[in-house]
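Let us read a protein model together, one feature at a time.

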Amino acid sequence: MDVENHAVICYNSSNLEGVFHLKKRLLSLLLTGVLALSLSVSAFAAPILISPAPKAGPAVQVEGKVLTLTEGAARIVKNRTFVPGSELLTALGVEHSTKGENITATRGKGTVKLVLGALSFAITAGEETRTVPLDVAAFTEDGVVYLPLRALCESLGYRVGWDPKTGTATVTTPVEIALKLTVTGQDGKAVTKEYKTTEAVLGNFLEQAGIAVSELGPYGRFITTVNGYKVDAAKNEWWCITKDGKDVMTGADSTPIGAGDSFELTLKTY
C-alpha cells in the first residue's frame with residue numbers, strides 16, 4: 001500500500017503532524033473553490049435595479065400662498081398643469097358646481113362651463129359666449145375632478161405664471177399694466193399705440209379693447225379682423241402676431257401679457 005497517497009485513511013501517531021498539514025492544505029483549497037464559485041455566480045446574477053423615487057408634481061401658488069391639496073396632487077399632462085378643480089376654485093373664492101360631467105365656475109360677470117372629456121369649453125361674459133379650445137380635456141381620477149389650471153384661470157380673468165426652476169404654477173389677480181401694440185394694415189403703414197389693461201391674455205385684451213375680432217378654428221382662435229379690416233381669404237391674407245418682432249408660438253387666446261410688452265399685428269399673405 002502506498003502510504004503517501006492514503007495518508008488520510010491510514011495513519012498512526014508518528015505521522016499526525018503530516019496529516020495536520022495535509023488537512024490544512026485541503027481546507028485551503030476547499031475555501032478557494034467556494035470563493036471562486038461565489039464570484040462566478042455573482043458575475044452572472046441579474047443586477048438589482050433600484051427604481052428612482054417618483055417625481056413630485058408641480059407646486060401651485062394662489063395669490064402668493066402655496067395651495068395645499070388634499071384630494072390629490074397637481075400633475076402635468078402633455079405639458080399642461082392639472083389640479084383638483086374643487087380645491088383650486090375654492091381657494092380662489094370662485095363660485096362653482098359639479099353635476100355629473102358638467103362643471104360650472106362663475107367669477108363676476110364671467111361664467112365658464114366645462115364638460116369632462118371635451119377638448120373645448122364655453123365662457124360667457126355678459127351676452128357674449130365664446131368657445132376656448134383645450135389641448136387636454138378635464139378628467140377624473142379616483143373620484144377627483146382635475147381641471148386645466150391655465151385655461152380655466154385665465155378665462156376667469158386671473159394671471160397664470162410658471163417658474164421652470166421650481167416647477168411652480170402661480171395664480172394671481174391681474175393688476176392694470178401698460179403695453180404697446182403696433183398694427184400694420186393693408187396700406188403698409190405701422191401705427192403704434194399704448195394701452196392699459198387688466199386682461200391676462202392677448203386675445204381677451206384685443207377683443208375687450210375693440211381692436212380685433214376672432215373666430216374659432218381647428219387650432220384655437222385666430223384673428224380675422226383688426227381695426228375694422230377683415231382678411232380676404234381669396235387673397236390668402238392673415239393677421240400675424242409677433243412680440244418684439246419675433247413670432248409667438250401660441251394663439252391669441254393663450255398668449256400671456258406682461259407689463260411693458262410690445263406686440264405687433266401685421267397683415268400678411270401666404
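Q: What is the mean pLDDT of the protein chain?
A: This is a predicted model, so confidence comes first, because pLDDT is the predictor's confidence in each residue. The mean for the chain is 82, and 78% of the residues reach 70 or more. Over residues 1-24 the pLDDT is below 50, and this stretch has nine contacts beyond near neighbours in sequence. Residues 37-54 also stay under 50, with zero contacts beyond four places in sequence. Where pLDDT is low, the predicted coordinates should not be read in detail.

Q: Which strands does β13 pair with, and do they run parallel or antiparallel?
A: Look at the bridges. Strand β1 (residues 59-62) runs parallel to β13 (residues 168-172), with four bridges joining them. Valine 60 has alanine 169 as its bridge partner in β13. Strand β12 (residues 159-163) runs antiparallel to β13, joined by five bridges. Here aspartate 163 partners threonine 168.

Q: How many residues lie between β12 and β13 in the hairpin?
A: Four residues lie between them, and glycine 167 in the turn has a positive phi of about 65 degrees.

Q: Which residues of helix α2 are buried?
A: In α2 (residues 85-92), these are Gly85, Glu87, Leu88, Leu89 and Leu92. Glycine 93 follows the helix, with a positive phi near 75 degrees.

Q: Why does aspartate 261 count as buried?
A: Buried means under 20% relative accessible area. Aspartate 261 counts as buried because its relative accessibility is 13%. This residue lies in the loop between β20 (246-247) and β21 (262-269). Its side chain reaches the backbone nitrogen of glycine 258 at 2.5 Å.

How values were computed:
Residues are numbered from 1 along each chain as its sequence is written. This is a predicted model: local features need pLDDT of at least 70, side-chain atom pairs count only at pLDDT 80 or more; totals for chains, interfaces and linings use all residues. Side-chain values use heavy atoms; hydrogens and water are left out. pLDDT is the predictor's confidence in each residue, from 0 to 100. Contact means heavy atoms within 4.5 Å. Helices (H or I, at least four residues) and strands (E, at least two) are DSSP runs, numbered from the N terminus. Buried means under 20% relative accessible area, exposed over 50%, partly exposed in between (1.4 Å probe, protein chains only). A polar contact is a pair of N or O atoms within 3.5 Å; within protein, one must be able to donate a hydrogen and the other to accept it, and residues adjacent in sequence count only if both atoms are side-chain atoms. Two strands pair if DSSP finds at least two bridges between them.
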